[in-house]
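Please examine the sequence and the structure shown below.

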Amino acid sequence: MNIKPFTVHIDEKEIEDLRKRLELTRWPDEIRDSHWEYGIPLDFVKDMVDYWRNDFDWRRVEDKINSFSNYMVNLDGMDIHFVYERGHGPNPVPILIPHGWPSTFYEMLDLIPYLTNPERFGGSAEDSFDVVIPSIPGHGFSSIPPAAGFEDRQAAGILAKLMKELGYSRFGAHGYDLGASILGLMCLDHPQNIIGYHTTSPGNPSPYIAQDMSLSEAEQEFLSVCSQWYRQEGGYAHILGTKPQTLAYSLHDSPAGMAAFILEKWYLWTSPPGGDLVRYVSREDLMANVSIYWYTQTMNPSNRFYFEGKHTKWPDSSDISRVPHGVSLTATQAHERPPREYVERLFPNIVSWEELNKGGHFIAAEDPRLVADHIRTFFRRLKRCN
């Protein structure tokens, strides 16, 4: 087969180079008592960079990654990295779990034991999964797309091919953020392959909304909230969607700058106002994610997905997917909580719509057991229906 085992190992010279760069960081000024008003605070970044340089142990992270089965496969001329763990039950359901942005496959690793071996955690072996967690092309240890125009729909096609390469003609899926966009488009392009799709990002991708469409009051309020959020917080997306290469030089060259860029999103999308990010996600996990971007030099290609979105064929008025859909809403900001009727415009076959009543954008990192429980519940319900 085209699939080969893969071991993550970063050369010691690269680790030392990172430490030297961090030591030589030239820090900017800051408005006194500005907190988060101008962006990520100086003290916060200094503290995280100090931890990254002096206390963070990349080899420990490598050991965790390599404790799982890692592989490489060449698809469409690109090397695709993925973690693949078999379930321990009598008839595991294959499940594809791509990551989001700015995140990596590493965020999803803690889901694995709850899904492959639910009996260890009070569940049933009947609910086990064969888990496939890929690095999306342009992220982590997968290849960087070599030409312009590589976007979410092409990523969906490649990940569908990955599952076929593993011998799965039909499989389940779970995703959020970029992963949700990819999987949602996969549900449109490859519905015959997907048993069911569970998500914590039900508004991604968005259904087609024409100006003359009649919208419910909840839909109108949701779209208004989304528009307001983009005006206040979407500057990064506008830059990445228009001139990503200009930003790339600073992010690619300065590890402190790249860490600040990533950690700001993790804070704003995870912690409630005035909260403490490391109460929700450990320093090690935060900086493991940042380190993967740094060592693989994939901050720029991952950011390019915003620019390449202009090439994506997004859902139009004729698009609809009957793939069974499961939604788990986090307690995050309102722009990530669309009303059910909005989601049903694209995915009318909603089998479950549940509240997690906690967590934010990166809920799999915050509470992997909770997410795994809801994934298992959704697919158990599908089994009973079939």
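How many disulfides does the structure hold? The structure holds 0 disulfides, a disulfide being a pair of cysteine sulfur atoms within 2.5 Å. This is a predicted model, in which local features need pLDDT of at least 70, side-chain atom pairs count only at pLDDT 80 or more, and totals for chains, interfaces and linings use all residues. Residues are numbered from 1 along each chain as its sequence is written, and side-chain values use heavy atoms, with hydrogens and water left out.

**Salt bridges**

A salt bridge is a side-chain nitrogen of Lys or Arg within 4 Å of a carboxyl oxygen of Asp or Glu. By this rule the count is 20 salt bridges, including those in the table.

| Pair | Closest N and O atoms |
|---|---|
| Glu12 and Arg59 | 3.0 Å |
| Asp253 and Arg21 | 3.3 Å |

Asp367 is buried, with a relative accessible area of 17%, whereas Lys358 is partly exposed at 39%. Here buried means under 20% relative accessible area, exposed over 50%, and partly exposed in between (1.4 Å probe, protein chains only). Salt bridges that share partners also join Glu12, Arg59 and Glu62 into one network.

**Strand E5**

Helices (H or I, at least four residues) and strands (E, at least two) are DSSP runs, numbered from the N terminus. In strand E5 (residues 129-134), 6 of the 6 residues are buried, so the strand is largely enclosed by the rest of the structure. Two strands pair if DSSP finds at least two bridges between them. Strand E3 (residues 78-85) runs antiparallel to E5, joined by 4 bridges, while strand E4 (residues 93-96) pairs with E5 in the parallel sense over 4 bridges.
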